Amino acid sequence: MRPAVLLLALSFPVPLVAQQRIDRRMAVSSTAAIRINDLVGMVRLVGWDRDSLVVVGELPARAGQLYFGGSPDAAKLGLKGTDTSSVVSSATLEVRVPRRARVSVRGATVSLDAGGLEGNLEFITTAGRLHLEGAPYTVTAETLDGNVEVAGPVASLRVRTAGGTVVLRGVRGDLSVTTVSGAILIGGARVARARLETVSGEIAWKGAIERGGTLDAQTHSGDIELRLPPAIGADLELSAPAGGISSEFTLRGKPGAGGTLRTSIGDGGAAITARTFRGRISLVKQPEVDPNPAAPGGISGTSQ
Amino acid sequence: MEPDALSLEVRRAQAGDADAFAALYRAHVGRIHAVCLRLEGDPAAAEERTQDVFVRAWDRLPGFRHESAFGTWLHRLAVNVVLAHRRTQWRRDLRVTVVEEPELLESPRLSPDPGIGMDLDSAMAKLPPGARAVFVLHDIEGYGHAEIAELTGIAEGTSKAQLFRARRLLRKALDR
Amino acid sequence: MTSQRPDDETFLRSHISDLPRSIEPASDLWPPIEARLAPRARPRMSPMFMQLAAAIALVAISSAVTWYFVRASVPVVVVAMAPVDRAQLARLARAGDVMEEGLGSSSLAPETRAVLERNLVVIDSAIAESQRALDADPGSPVLAGLLRAAHRQRVEFLQQAARLPRS
């Protein structure tokens, strides 16, 4: 009987690494500067209506020790002593901050799922990704290979990723997106200034540019598709020496393969520049009634 | 760089000489970065804005008429670049703070990060963005409230209230 | 006799006078600035005689060829840009090389280094392709602009790499 019991016990895996339960809280001001450094795994960042900073969740022991403290106007939390020889992907933490807090999240492997924020958000990571819903004032996001997805009327948005895909829905104001090979897919935008750059990725834009605003889209080998309101007024500079230009708008001049075209549609007003070395440029009229205006269009079959 | 030499570099840069513009950059970047840093309150944003300022200056340089010193012209351009970038955010911050939260005029004193001494630059970086903008423009850069109102899109009265608030918060942070 | 506490403005005045007028940025911003400098642009629309004078000047200065056509009362200008600035392109390439060397000696994890190198290959391919195209059509301001943009993207990507959090 004993050998059978022993065999039965050995057939159930015993956890080799203990989990730490985390529950830390402190009062902070409504616009506190909060720095979150070196967390691992997935972090859920939530803006709420209380003037307090709360961290709850679980960390494996090899994630290290959590430090947490500071003052009501400047708080810090993070991990020390993380075992970097192993990938700590099982960590799950929820961090609650006042809605108008100014939050900075930095970590080599951390991914962020954020919502309810109205202040500033900075997110710098090497391998992580970002999913954000809501309307922070400003967002700065840099990741080497992760995807970045933002849905909401952020007033000032800067995104950099090398290989990740950037998907933006309903952005406003001032926008700068840069990738190396990742696609840039934007839907439901209404901007004063947008600068979209990629080397080999594609750019798909669906939205409006404010009168006097600018949209600058550039890619070396990808295609550029601009879905614009049918009544838009804009001055255009379109450059596609290899792939050519096609348009559903009536362009004065002659769009076609190669060359650069400078012309205008409507009564001018906005300034749109699109350049691609090997790709094609397409100007498409948005439908009068769009069942899903915020959904980004896409060249590679990702359209709504 | 001596003023006459700078003037020559300006003319060369106006003619498209990028090396001359590089010399102007080296001569002025510290001053421009200082105003960008104090207005933005964040080093990364300040570096971005500093870049934007010099790129804009290159584009606008052919229109520079030498009616003022180049540094003065560049400084004004820097303020416009930063404010244009932040106008939406600051206007909202200024409206919300002054109208809805007057008690923040007496908010708890700013505290530094643990272990970091508080100087005026550190204290300014921790001000709410709108109050910081008004303080920097008025008390450091010498703009009047009418000019600040025009640059930021707020009312003169709001500018004055924000300046009062900024000075009070800074005093509490420094007077320890 | 009690001394009166100075008001906030008076109190702050001495602190303000001690502020440095100049603060150098932590990194040299000239390479990314240089990468973004456009050749001196021409006006989008200008009277016919100014366009002609600009065209003659450009032909005289470089081998670039510009052309125009006007339809009805709305002039349509096909791009006429400043000559290719090869010295600027060389400076951009050097700036990127310097930054890449600096990154090579930094303490990056092997996986991170692999991702960086993979993306640098993409950028370097774009640079090489643009350069070949420009070599075949040396007067093309469009191709020069695309090559300049590729160099700038390389510099900015290397700047991002320098800012990466280390695990």
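## Chain B

Of the 176 residues of chain B, 44% count as buried. A residue is called buried if 20 or more other C-beta atoms lie within 10 Å of its own, exposed if 12 or fewer do, and partly exposed in between, with C-beta atoms placed from the backbone. This is a predicted model, in which local features need pLDDT of at least 70 and side-chain atom pairs count only at pLDDT 80 or more, while totals for chains, interfaces and linings use all residues. Residues are numbered from 1 along each chain as its sequence is written, and chains are lettered from A and ligands numbered from 1 in the order in which they are written.

Chain B has 8 helices and 0 strands. Helices (H or I, at least four residues) and strands (E, at least two) are DSSP runs, numbered from the N terminus. Along the sequence the pattern of chain B reads α-α-α-α-α-α-α-α. Among the contacts in chain B with a separation of 6 or more, 66% are between residues 24 or more positions apart. A contact means that the C-beta atoms of two residues, placed from the backbone, lie within 7 Å.

## Where chain A meets chain C

On chain A, 35 residues are in contact with 29 residues of chain C. Strand 8 (102-107), strand 10 (120-125), strand 20 (234-239) and strand 22 (260-265) of chain A are the elements that give two or more residues to this side. The largest share, 4 residues, comes from strand 22 of chain A.

By class, the side of chain A that touches chain C has 9 nonpolar, 17 polar and 9 charged residues. Here Ala, Val, Leu, Ile, Met, Phe, Trp, Tyr, Cys and Pro count as nonpolar, Asp, Glu, Lys and Arg as charged, and the others, Gly among them, as polar.

## Strand 20 of chain A and its partners

Strand 20 of chain A runs antiparallel to strand 22 of chain A, and 6 bridges join them. Two strands pair if DSSP finds at least two bridges between them. In this pairing A:Ser239 stands opposite A:Thr260 of strand 22.

With strand 23 (residues 270-276) of chain A, strand 20 pairs in the parallel sense over 6 bridges. There A:Leu238 stands opposite A:Ala274.

## A residue in chain C

Is C:Arg154 buried or exposed? C:Arg154 is buried, because 27 other C-beta atoms lie within 10 Å. C:Arg154 is placed in helix 6 (residues 141-163) of chain C.

Leaving out residues up to four places away in sequence, C:Arg154 touches C:Gly96, C:Ile123 and C:Ile127. C:Arg154 and C:Ala95 are 59 residues apart in sequence and 9.4 Å apart in space, C-alpha to C-alpha.
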